[in-house]
Amino acid sequence: MRLKKLSRNKLFAGLIAVVASLGLLDAVLLTQQHYTGKLLPCSVTGGCEEVLTSKYSEVFGVPLALFGVIFYIGMLVIALYYLQLRKLWLKQLLLLGGIV
């Protein structure tokens with residue numbers, strides 16, 4: 001029973017690490033776009049440039065995507081530490097970050 005729970009927790013942390021990596025990649029690309037001014041292609045719908053260049057895309061001059069970079073780095077680090085150490089408080093941080 002304990003082994004099954006341990007592997008389920010390991011799968012959970014691994015899944016969060018993968019999602020955090022994808023989110024980090026996206027946030028880095030959006031942050032790069034903000035500072036270089038190059039518009040990224042938007043294949044799903046049109047109007048992406050309107051969102052990325054609006055006055056709501058920054059908070060105190062800092063692009064929102066940069067906050068995403070910080071968040072996803074934190075989630076990735078916590079997930080990788082949990083996979084190594086398997087401490088309860090790291091799992092609780094992962095759950096809290098998943099809620100946010």
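**Exercise 1. Find which residues form the nonpolar patch on the surface, and which helix gives the largest share of the patch.**

Step 1. In this predicted model, the patch is formed by Val59, Phe60, Leu64, Phe67 and Ile70, with about 560 Å² of accessible area together. Patch residues have over 30% relative accessible area and no salt bridge, and nonpolar side chains (Val, Leu, Ile, Met, Phe, Trp, Tyr) are joined within 5 Å. A salt bridge is a side-chain nitrogen of Lys or Arg within 4 Å of a carboxyl oxygen of Asp or Glu. Areas are from the Shrake-Rupley method with a 1.4 Å probe.

Step 2. Helix α3 (residues 64-85) supplies three residues, the largest share. Helices are DSSP runs (H or I, at least four residues), numbered from the N terminus.

**Exercise 2. Classify Phe67 and Thr31 as buried, partly exposed or exposed.**

Step 1. Buried means under 20% relative accessible area, exposed over 50%, partly exposed in between.

Step 2. Phe67 lies in helix α3 and is partly exposed because its relative accessibility is 42%.

Step 3. Thr31, in helix α1, has 9% relative accessibility and is therefore buried.

**Exercise 3. Describe the surroundings of Thr31.**

Step 1. The Thr31 side chain reaches the backbone oxygen of Ala27 at 2.8 Å.

Step 2. Leaving out residues up to four places away in sequence, Thr31 touches Ala65, Leu66 and Val69 (contact: heavy atoms within 4.5 Å).

**Conventions.** Residues are numbered from 1 along each chain as its sequence is written. Local features need pLDDT of at least 70, side-chain atom pairs count only at pLDDT 80 or more, totals for chains, interfaces and linings use all residues, and side-chain values use heavy atoms, with hydrogens and water left out.

Note on methods
Patch = residues over 30% accessible without salt bridge, like charges linked within 9 Å, V, L, I, M, F, W, Y side chains within 5 Å. Helix = DSSP H or I, 4+ residues; strand = E, 2+ residues; numbered from the N terminus. Buried < 20%, exposed > 50% of the residue type's maximum accessible area, 1.4 Å probe, protein only. Polar contact = N/O pair within 3.5 Å; in protein donor to acceptor, adjacent residues only side chain to side chain.
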